[in-house]
Structure formats: structure tokens, C-alpha cells
Amino acid sequence: MTSFTNEEISRIWLSYADMTPAKKTAIISTYGSAYGFARSFKSGMREVLPEGAFAELDRMRDKTVLANALNEINRLGIRVLTPESKHMPETLMNLADAPLLLYFLGDESLLSSPRSIAIIGTRSPSAYGSMMASAIAASLAKYGATVVSGLARGIDMTAQEAVVNAGGKTIAVLGNGIDSIYPPENEPLKRRILESGGLILSEYPPGTPPKKHHFPQRNRIISVLSQGVLLIEGKINGGGIITVGHALEQGKDVFVLPGRAHHELYEAPHKLIRDGARLVTGGEDIAEDMGWEPPEADLTVREQMTPEQEIIVGLLTNDELSFDELADKTGLPAAGLSSVLTILELMGIIRQSAGRMYMKVKKHPPQHQ
């Protein structure tokens, strides 16, 4: 059974008040700590706190009620992260509306993943959007990237299920209490995420139902836990745009899957592309832009290259070159060069286009010379 500090207990108590994260941050700033606020809590605060928030905090001050809440957290195996916790990301605590604490199940070390991408999108995707979300998520999993999303219907659940199926790790950020899943049909996926070594977290205490304003709030957490955000389908006024807005404010890379012109599900993606977001057609594009090394299988292929093959792949990393240009740059005789190029094509590392031009296959990110 977890033993909580006074500060942790005070933050848990304060988390039951339905107030904005910014309001709770302001309270902590004013009183120095949640514990300081709890010790100062009195009836006069009814004037400065929202009515419902005051009533809930007043109710939770009862030692029996609070003890029951703490016992339920322990019974469910839920743990908490506060600013003092080892794995609480500093970037999350630096937000103006930083969460008071995070309730979680699973592996909290994923919060420090060296590679992470948020995949977000509409709750009512097209067949194409679902297919691409699945393919890109599985590809990113093979690159060792942790995929962050909200376990909602549509793109979220499709991407997170694909990650689990590919043997990867995913973080699900909920807009309700961690003891239940919304929508309910994603409960089996929640179990699979945890069984595969993933992480489920929420800033809302157990028993909190899904409320409309919680989902835009949790989007800032999805964004800050990732190095980049990928939007797959969405309307201009959809929730995906909110997450992208957080990403841009936080200085994160924004990636977009393009689609059919004038299709309502591509209103937001196409606007973002016009505004400078990075167009991608696969997980390899994201990995290349992020500078991530390829999967281990691809590294093994590289280790088997001859020096001549390495030189040619290096030349084709950023440029498309003709046979004659390669002959000039490598100094290899025509017969020898032709043989090396043929082998590299068979290995799937380069390909030949019209006019005997050669290029590096995009699924292999650039080598670090």
C-alpha cells in the first residue's frame, strides 16, 4: 500500500475540485503548496472559489471521506506523480496551466521516452484515415517511438491498438478518472496497453466522469509529452486543432497526413500544410525529419555493406544522381558500379528511375556520416 506525503494528500484532495488547471496552479502559487492551502482552507473561501469546487473540497475535508478516497486509490493500484516525482517531466511542470498531479497505471518511465510522437485526429475517420493511422503508428513503433494519444474513438484508438499489435509502447491520456475508460468499448485496449508495458494517466481523480471541457484540457498534456504531433483527418473546429495549437506554442514539430481536396475531414490538415506543417505519407517520413536511426533490421543491413556500397548510399542520401554522375564521383569502372548498384537495389536500399537516375529509398533514414 502506498504511503502518501502531506503534500501528495493535499494535491489529491485539491484534484477533486472541478476548477481549471490554471486556477489550481494559481492557488499553489499563492499558498506556496497544496498543503499550505489545505491548512488555510476555511469557510471564508466560499467567496473566492467556484461554488461547486468549494462544496467538494469542504466535503472531502472529512477525514473519513478523504481516507476512503486514498484507500480506493490504493485498492485500484493507482499511483500519483507530483512535481517532486522522479519521472514527472519538467516541460509539463513548466506549463502555465501545469497539472496539479497525474494519476497513473503502468510504466511511468515512458514519460522520459527519447522518441515520442502524438497521433491525433477525428473520432469519425474515413477508412483511408484509419488505415493510415494504423500503418504509421506501427511504423513508428518499429523505430522505438512511444506513441501518445487519448484513447478516444477513431484515430486515437486505431493508432494505439496498432502500436500494441506491433509490440510498441503507448501512453494514453484520459479526460476522465483513470478507474474507468471512455468510451467503454476501449476497456480491453486499456488492458492490452498495460499488459504490453504502456502507460495510462489522467489529471482527474478516480470516479471523475468524462466531461466536455476535460478533453480540450487534456490535449495540452498529450502535446507536451511528445516531440511532435501528427494530425490524421480533422475539421477546422475539431479537437485536433486544439492539440496542434498547444504543440505550436510548445515549439513542437507538427506533421500532417494529406488527403482528398475539398473533403471535410481534410479541412484542418490542408490548412496546416498551407501554414507550413510537414506533409508526411508514412512513419518513415517522420523518423527522417526527426533524425531517428532506422529499425535494428535496417541497421543490420547497413552493417553488411561493403565500403563501395556505403559510399554510394552516402552520395544518394540527399541527392538523386545519374549513373554517369556516380561513376564520376566514385571513380568506379562502369561494370563495377553497375554491379554495386544492382546489389543495393536488391537489398531495397536504393532504386532506379527513368533515365538511369538513382535515389535512396525513403524508408531508410539518412546515415550519420
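In this predicted model, Asp18 and Lys211 form a salt bridge in which the closest N and O atoms are 3.1 Å apart. The two residues belong to distant parts of the chain, 193 residues apart. Asp18 sits in the loop between H1 and H2, whereas Lys211 sits in the loop between strand S6 (199-202) and helix H10 (214-224). Asp18 has a relative accessible area of 40% and is therefore partly exposed. Lys211, with a relative accessible area of 29%, is likewise partly exposed.

A second salt bridge also involves separate regions of the chain. Asp97 pairs with Arg220, the closest N and O atoms being 3.5 Å apart. Because Asp97 lies in the loop between helix H6 (90-93) and S2 while Arg220 lies in helix H10, this pair ties together parts that are 123 residues apart in sequence. The surroundings of the two partners may be read from their accessibility. Asp97 is partly exposed, with a relative accessible area of 26%, but Arg220 has a relative accessible area of 2%, which is under 20%, so Arg220 counts as buried.

A further pair is formed by Lys271 and Asp275, whose closest N and O atoms are 2.8 Å apart. Lys271 is partly exposed at 36% relative accessibility. Asp275 has a relative accessible area of 54%, and because this value is over 50%, Asp275 is classed as exposed. Salt bridges that share partners also join Asp97, Glu203 and Arg220 into one network. In the whole structure, a search finds twelve salt bridges.

The largest nonpolar core has 37 residues, of which Ile12, Leu14, Phe37, Leu49 and Tyr103 touch the most other members. The elements that contribute two or more residues to this core are helices H1 (6-15), H2 (21-31), H3 (34-40), H4 (51-60), H5 (63-75) and H9 (187-195), together with strand S2 (102-106). Another core, of 29 residues, lies apart from it; among its members are Leu110, Ile120, Val244 and Ala277.

The surface, finally, carries a patch of negative charge in which Asp319, Asp324, Glu325 and Asp328 gather. One of these residues, Asp328, is located in helix H16 (residues 323-330). Asp328 counts as exposed because its relative accessibility is 65%, over the 50% that the term requires.

Note on methods: Residues numbered from 1 in each chain as written. Predicted model: local features only at pLDDT ≥ 70, side-chain atom pairs only at ≥ 80, totals over all residues. Heavy atoms only, no water. Patch = residues over 30% accessible without salt bridge, like charges linked within 9 Å, V, L, I, M, F, W, Y side chains within 5 Å. Areas by Shrake-Rupley, 256 points an atom, 1.4 Å probe, with all protein chains shown as cover. Salt bridge = Lys/Arg side-chain N within 4 Å of Asp/Glu carboxyl O. Lys, Arg positive; Asp, Glu negative; His and termini not counted. Charge placed at Lys NZ, Arg CZ, Asp CG, Glu CD. Helix = DSSP H or I, 4+ residues; strand = E, 2+ residues; numbered from the N terminus. Buried < 20%, exposed > 50% of the residue type's maximum accessible area, 1.4 Å probe, protein only. Core = buried A, V, L, I, M, F, W, Y, C linked by side-chain atoms within 4.5 Å.
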